[in-house]
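Let's look at a few labels and ask what lies behind each one.

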Amino acid sequence: MPKGAPGLSEQAYFVLAALLDGPLHGHAILKRVVDLTEGRITLPVGTLYGALDRLAANGVIEVEKEEVVKGRRRRYFRITDTGRTMVHAEARRMHQAASVVTRRTLRAT
């Protein structure tokens with residue numbers, strides 16, 4: 001997510017969208033993304049954790065808590081105010097972009 005880049009990547013967008021309802025751990029984020037996209041997007045684990053690392057480095061998400069479950073560390077991530085603002089701005093941008101096509105399509109029919 002380089003500075004000045006237009007919009008968020010699709011993966012980052014849906015990770016942030018998954019966190020809008022509250023903190024989740026990695027596996028729950030994967031499941032939520034599948035649910036939100038009705039199965040259209042399934043993130044590989046490496047892609048998810050790469051996105052989480054980038055989002056955290058940019059202050060868009062943060063670790064809320066950590067716990068050990070069955071000997072494995074589980075981190076729960078939450079969206080920050082910056083992240084919430086960012087994902088809402090991206091949703092508005094996509095809506096405006098889509099309306100350019102849908103308005104033209106509706107006039108043509």
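**Rings, a charge and a pocket**

Q: How big is the largest pocket, and what kind of model does the value come from?
A: The largest pocket has a volume of about 310 Å³, and the model is a predicted one.

Q: Which residues line the largest pocket?
A: Its lining is made up of H25, G26, H27, Y49, V69, R72, R73, R74, R75 and F77.

Q: Which element gives the largest share of that lining?
A: That is β3, with five residues. Both α2 (26–36) and β3 (72–79) supply at least two residues each.

Q: How does the lining of the largest pocket divide by class?
A: Four of its residues are charged, three are polar and three are nonpolar.

Q: Why is the pair of Y13 and F14 called edge-to-face?
A: A search of the whole structure finds one aromatic pair. In it, the rings of Y13 and F14 have centres 5.1 Å apart, and a pair needs centres within 6.5 Å. Their planes stand at 85 degrees, and planes over 60 degrees apart count as edge-to-face. So the pair is edge-to-face.

Q: Are Y13 and F14 buried or exposed?
A: Buried means under 20% relative accessible area. Y13 has 15%, so Y13 is buried. F14 also has a relative accessibility of 15%, so F14 counts as buried too.

Q: What makes K65 a charge over a ring?
A: The charged end of K65 is 4.7 Å from the centre of the Y76 ring and sits over that ring. The distance cut-off is within 6 Å of the ring centre.

Notes. Residues are numbered from 1 along each chain as its sequence is written. This is a predicted model: local features need pLDDT of at least 70, side-chain atom pairs count only at pLDDT 80 or more; totals for chains, interfaces and linings use all residues. Side-chain values use heavy atoms; hydrogens and water are left out. Rings of Phe, Tyr and Trp (its six-membered ring) pair if their centres lie within 6.5 Å; planes under 30 degrees apart count as stacked, over 60 as edge-to-face and the rest as tilted. Buried means under 20% relative accessible area, exposed over 50%, partly exposed in between (1.4 Å probe, protein chains only). A charge sits over a ring if NZ of Lys or CZ of Arg is within 6 Å of the ring centre and within 35 degrees of the ring normal. On a 1 Å grid over the protein atoms alone, a cavity is a set of points where a 1.4 Å probe fits but cannot get out, and a pocket is an open set with protein on both sides within 12 Å along at least five of seven lines; lining residues have an atom within 4 Å of a point. Grid points are joined across faces, edges and corners, and a volume is the space filled by probe spheres set on the points. Helices (H or I, at least four residues) and strands (E, at least two) are DSSP runs, numbered from the N terminus. Ala, Val, Leu, Ile, Met, Phe, Trp, Tyr, Cys and Pro count as nonpolar, Asp, Glu, Lys and Arg as charged, and the others, Gly among them, as polar.
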